[in-house]
Amino acid sequence: MTEAARARLPWKTFLLCALAWLVPASGHLLLGRRGRALVFALLVATAIAVGYALDGNLHRVVEGQPLSRLATLGAMGMGLPYFLLRWGLGYAGSAAAAGYEYGTVFLLSAGLMNLLLVLDVWDISTGRKE
Amino acid sequence: MNHLLFMTLYAAMLGVFFAALWRRDARAQFKLFAQIFGSLMLGAIALGWLLYFLPTGPPAPIP
């Protein structure tokens with residue numbers, strides 16, 4: 001990569017997106033979108049809390065099941081909470097729980113929502129969106 | 001466990017999320033919220049009634 005090409009790379013945007021991924025809604029907060037940041041933070045936190053309370057599956061890679069890789073990437077989209085749940089609390093979910101399927105959907109949705117937020121932060125930061 | 005409660009909560013959450021993400025004007029946000037929420041709720045209920053007419057099989061194995 002040439003110096004000129006490297007100079008054009010939006011490092012601040014990359015950092016902002018990385019932070020937005022790690023801590024849900026933090027990207028919008030840093031960009032000054034306080035109201036929306038609060039709404040997004042509440043939504044992602046609620047999805048994680050409901051999924052956790054229902055003992056849903058926090059996806060992880062299962063050998064021989066290629067789709068589990070995609071699901072894991074999706075769930076990891078929630079950032080820091082994924083790692084805290086998985087390694088901090090040793091959370092795995094319980095297939096025998098009555099709310100297992102619902103919980104799994106809530107946890108996966110939390111990850112996917114946060115990934116969309118990261119893309120939104122990218123668009124706002126690069127001026128493609130207000 | 002209340003299935004309808006979780007379905008309603010999920011539909012409401014997605015409605016609020018996409019309305020806040022994709023729209024700026026409050027009126028447009030409410031319209032999109034109503035569209036998403038209504039589609040998810042009515043779609044789920046309609047699909048549920050369609051499944052009702054399918055023959056039942058043995059319970060699915062727990063993974």
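Guide: Welcome! A residue is called buried here when its relative accessible area is under 20%. Please keep in mind that the model is predicted.

Visitor: Why does Arg36(A) count as buried?
Guide: Its relative accessibility is 13%. The limit for buried is under 20%, so Arg36(A) at 13% counts as buried.

Visitor: And why is Asp120(A) called buried?
Guide: Asp120(A), found in helix H7 of chain A, has a relative accessibility of 4%. That value falls under 20%, so Asp120(A) is buried.

Visitor: What makes Asp120(A) and Arg36(A) a salt bridge?
Guide: The closest N and O atoms of the pair are 3.8 Å apart. The rule asks for a Lys or Arg side-chain nitrogen within 4 Å of an Asp or Glu carboxyl oxygen, so Arg36(A) and Asp120(A) at 3.8 Å qualify. As background, side chains of opposite charge can pair when their charged atoms come close.

Visitor: Why does Lys129(A) count as partly exposed?
Guide: Lys129(A) has 24% relative accessibility.

Visitor: Which residues does Asp120(A) touch?
Guide: Leaving out residues up to four places away in sequence, Asp120(A) touches His28(A), Arg36(A), Lys129(A) and, from chain B, Leu21(B).

Visitor: How many salt bridges does the structure hold over all chains?
Guide: Three. One of them pairs Arg69(A) with Glu63(A), whose closest N and O atoms are 3.8 Å apart. Glu63(A), at 65% relative accessibility, is over the 50% limit and therefore exposed. Arg69(A), at 45%, lies between the limits and is therefore partly exposed.

Visitor: How do you know that H7(A) is close to the expected span?
Guide: H7(A) has 26 residues and reaches 38 Å from its first C-alpha to its last. The expected value at 1.5 Å a residue is 38 Å. After H7(A) comes Gly127(A), with a positive phi near 85°.

Visitor: Which element gives the most to the side of chain A that touches chain B?
Guide: Let's start with the contact, which takes 21 residues from chain A and 15 residues from chain B. About 1700 Å² is buried between the two chains, with 81% of that area given by carbon and sulfur atoms. Leu43(A), Tyr102(A) and Phe106(A) supply 29% of the area chain A buries against chain B, more than any other three residues. H4 and H7 of chain A are the elements that give two or more residues to this side, and H7(A) gives the most, with eight residues. The residues of this side divide into 14 nonpolar, three polar and four charged.

Visitor: What is the count of salt bridges between chain A and chain B?
Guide: The count is zero. The rule does find three residue pairs in polar contact across that interface.

Visitor: What makes the phi of Ala25(A) a positive value in a residue other than glycine?
Guide: Phi of Ala25(A) is near 75°, and the residue is an alanine. Ala25(A) lies in the loop between helix H2 (11-22) and helix H3 (26-30) of chain A. Its relative accessible area of 5% is under 20%, so Ala25(A) is buried. Asp55(A) also has a positive phi, about 65°, without being a glycine. Asp55(A) is placed in the loop between H4 and helix H5 (67-76) of chain A. With 30% relative accessible area, between the limits, Asp55(A) is therefore partly exposed.

Visitor: Which backbone oxygen does the side chain of Ser26(A) reach?
Guide: That of Leu19(A), at 3.0 Å. The cut-off for a polar contact is within 3.5 Å. Ser26(A) is found in helix H3 of chain A, and at 12%, under 20%, Ser26(A) is therefore buried.

Note on methods
Residues numbered from 1 in each chain as written. Chains lettered and ligands numbered in written order. Predicted model: local features only at pLDDT ≥ 70, side-chain atom pairs only at ≥ 80, totals over all residues. Heavy atoms only, no water. Buried < 20%, exposed > 50% of the residue type's maximum accessible area, 1.4 Å probe, protein only. Helix = DSSP H or I, 4+ residues; strand = E, 2+ residues; numbered from the N terminus. Expected span 1.5 Å × (residues − 1). Contact = heavy atoms within 4.5 Å. Buried area = accessible area lost by both parts, 1.4 Å probe. Polar contact = N/O pair within 3.5 Å; in protein donor to acceptor, adjacent residues only side chain to side chain. Nonpolar A, V, L, I, M, F, W, Y, C, P; charged D, E, K, R; others polar.
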